[in-house]
Amino acid sequence: MNPLWLERALEFLAFEYAFVQYSALSAVVVGVMCGVSGVWMVLRGLSLVGDATAHATLPGLCLAFLLTGSSHSAVLMGGALASGLCAMAVLHGLQRWGGTRPDSSLAVVLASFFGLGVALMQRVTGSPGAARAGLQGFLLGNAASVTPAQAWVLTGMMVALIALTLLFFRALQLSTFDPSFARLSGFRPDRVRIATTALLAIVVVLAVRAVGLVLVSAMLVLPASTALLVSRRLSTTLLLSGVMGGLCGFVGAWAGYIWQGVATGPAMVVMAGLIFALVAGGRSLVAPRQQTALRGGL
Amino acid sequence: MTDGIAISVRGLTVQYGPLVALKDVDLDLRSGRLIGVLGPNGAGKSSLMKAIAGEVRPQAGVIRVFGETGSAALRHMAQVAQRSAVDWDFPITVRGVVEQGRYATLGLFGRMRAADHAAVDTAQARAGLTELANRRISELSGGQQQRTFVARALAREARLVLLDEPFAGVDAASERVLMDVLQELVHDGVTVVVVHHDLHTAAHYFDELVLVKGGVVAQGPPEVVLQPDTLSRAYGSSLFVMQDARRSGQ
């Protein structure tokens with residue numbers, strides 16, 4: 001007789017149940033999205049902006065539920081996106097006109113939006129229908145609660161994100177690397193910056209249900225940072241980061257199935273952290289010159 | 001070529017809030033020359049370069065590059081950023097940076113063709129980077145990094161190349177290699193404008209100098225500009241610097 005965990009692990013891999021398929025699909029898709037967009041975010045120095053935005057989705061989620069009484073996914077996501085964008089706007093304003101240091105303004109925005117969110121959350125848990133809304137699931141992420149429709153919407157979004165990245169690769173690369181030269185070459189780096197920031201907000205909101213708003217930024221930063229350690233081309237970085245994100249998503253959903261009570265988000269992040277530690281540790285064991293050789297065609 | 005003038009500046013004023021960087025500047029720079037822009041810190045050298053590259057919006061004035069203004073003017077130029085302004089950890093190889101020089105003609109979606117690859121090869125070879133083509137830029141020395149950006153300007157086939165303090169943090173040997181590349185560019189008819197801070201080397205490096213302090217203090221061949229009385233109008237009375245400069249200028 002196999003131990004219970006092994007039985008469940010194999011059960012998951014059989015993909016017999018529809019909910020298993022959809023939770024695995026959505027976790028993988030979210031992982032890939034985070035991996036790909038995380039590269040742009042890290043290269044643009046927006047890691048902490050992603051974190052602040054993710055935390056800032058909480059008041060929007062709660063308000064959307066309190067005001068409409070609806071736990072429909074589109075309503076909640078709309079609220080999350082609105083407050084995430086609002087936080088980005090406040091952040092931009094603080095840094096531009098407020099005279100606040102960049103790191104402090106990030107802390108101010110994260111703390112005040114998240115604080116408001118937690119306060120509202122306490123209102124929500126006391127209201128009828130709160131359990132059904134599953135707002136708690138947004139904190140730490142729960143891929144198992146994803147409906148088939150949501151999983152397909154996420155997949156569509158991932159395809160769109162990858163298509164946009166491929167299509168506008170040149171503009172994205174040059175505007176991120178050297179905005180001045182991009183402008184001299186006839187590109188519009190200011191528009192690219194706005195578009196990537198908006199896209200970042202959308203990815204954060206889409207990822208919140210599976211990964212949880214506390215940990216979304218980890219999934220944006222870890223695969224990208226790992227890929228950046230080993231690749232010397234942007235295309236390779238994007239590919240590796242996306243693959244690693246997807247792999248972590250799969251492992252996260254798997255772990256959540258094997259051990260009931262383990263949330264998908266934290267499991268994904270633990271996996272990503274392990275891979276990062278292995279790669280960073282392994283890399284530090286070889287001399288810089290050998291690193292160049294090891295990178296080979298990457 | 002509009003009567004041999006690469007850059008024509010008229011009534012240029014650049015202001016950051018209450019701080020006036022440049023006031024009412026008129027300047028003509030002839031094409032096909034290696035031009036050094038000198039001046040003390042905060043004199044407005046970088047502001048002048050940024051205004052030419054369309055990076056800051058001037059409060060007043062017109063800048064023409066080969067007779068054109070606005071985005072038509074930008075098409076003619078390539079810029080080598082200050083080393084401190086570049087993210088050297090960006091995952092890109094030397095060849096990747098040089099290929100960016102072709103993006104202006106390729107646009108968003110155009111494919112790199114044989115001619116583009118050839119232009120990249122030539123640019124890399126001229127900057128002495130062929131061996132380093134597949135290195136990630138973080139693995140280069142300061143001089144190699146600068147040459148990579150000059151090679152990108154070469155691949156761009158720009159008629160005007162702007163460099164802001166290209167020798168900062170670069171050792172003497174690399175500085176000479178970089179100067180050779182720039183001189184070759186000028187030999188091919190390209191106009192090269194360099195923001196420079198070392199008065200000692202300025203005399204040897206440039207065909208023409210522009211001395212800036214809130215405006216153009218002096219302009220002309222090095223032997224004219226590097227005179228003590230001229231220099232003191234920009235630098236104040238730091239005498240020994242001027243005398244050193246004059247000595248090395250002679």
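Let's start with chain B, where an open sheet of three strands runs in the order β2-β1-β4 with antiparallel pairing. Keep in mind that this is a predicted model. The edge positions go to β2 (19-30) and β4 (60-65) of chain B; each has a single partner strand, so one side of each is left without a neighbour in the sheet. On average, neighbouring strands here are turned by 15 degrees against each other, direction ignored.

Strand β1 (residues 5-16) of chain B pairs with β4(B) in the antiparallel sense, over five bridges. If you want a spot to look at in that pairing, find I7(B), which stands opposite V65(B) in β4(B). A helix joins the picture too: α1 (residues 45-52) of chain B packs on the sheet and touches β1, β2 and β4 of chain B. The direction of α1(B) makes about 115 degrees with that of β1(B).

Now for another set of strands in chain B, those around β7. Strands of a sheet can pair either parallel or antiparallel, through backbone hydrogen bonds.

| Strand pair | Sense | Bridges |
|---|---|---|
| β1(B) and β4(B) | antiparallel | five bridges |
| β3(B) and β7(B) | parallel | four bridges |
| β6(B) and β7(B) | parallel | five bridges |

Strand β3 covers residues 34-38 of chain B, and β6 covers residues 160-164.

Is β7(B) (residues 191-195) mostly covered or mostly open? It is mostly covered, with five of its five residues buried. In a regular strand, side chains alternate between the two faces of the sheet. In β7(B), T191(B), V193(B) and V195(B) point one way while V192(B) and V194(B) point the other way, and all are buried.

Chain A has another make-up: 16 helices and zero strands. Its radius of gyration is 20 Å, close to the 19 Å that the globule rule gives for 298 residues, so chain A is as compact as a globular protein of that length. Its C-alpha atoms fill a box of roughly 60 × 55 × 35 Å along the principal axes. Of the 298 residues in chain A, 49% count as buried. Looking at contacts in chain A with a separation of 6 or more, 75% come from residues 24 or more positions apart.

What about the core? The largest nonpolar core has 171 residues, and M33(A), A207(A), M219(A) and V161(B) touch the most other members. Helix α2 (residues 18-43) of chain A gives the largest share of this core, 16 residues. Leaving out residues up to four places away in sequence, M33(A) touches M157(A), M158(A), L161(A), V203(A), L206(A) and A207(A).

Finally, the place where the chains meet. How many residues of chain B are in contact with chain A? There are 20, and they contact 20 residues of chain A. On the chain B side, the elements giving two or more residues are β5 (77-80) and α4 (103-106). Of the elements, β5(B) gives the most, with three residues. By type, the chain B side divides into eleven nonpolar, five polar and four charged residues.

Note on methods: Residues are numbered from 1 along each chain as its sequence is written. Chains are lettered from A and ligands numbered from 1 in the order in which they are written. This is a predicted model: local features need pLDDT of at least 70, side-chain atom pairs count only at pLDDT 80 or more; totals for chains, interfaces and linings use all residues. The radius of gyration is taken over C-alpha atoms; the globule rule is 2.2 Å times the number of residues to the power 0.38. A residue is buried if 20 or more other C-beta atoms lie within 10 Å of its own, exposed if 12 or fewer, and partly exposed in between; C-beta atoms are placed from the backbone. Two residues are in contact if their C-beta atoms, placed from the backbone, lie within 7 Å. Two strands pair if DSSP finds at least two bridges between them. Axes are lines fitted to C-alpha atoms, for helices over the stretch in contact, and angles run from 0 to 180 degrees between N-to-C directions. Ala, Val, Leu, Ile, Met, Phe, Trp, Tyr, Cys and Pro count as nonpolar, Asp, Glu, Lys and Arg as charged, and the others, Gly among them, as polar. A nonpolar core is a set of buried Ala, Val, Leu, Ile, Met, Phe, Trp, Tyr and Cys residues joined through C-beta atoms within 7 Å.
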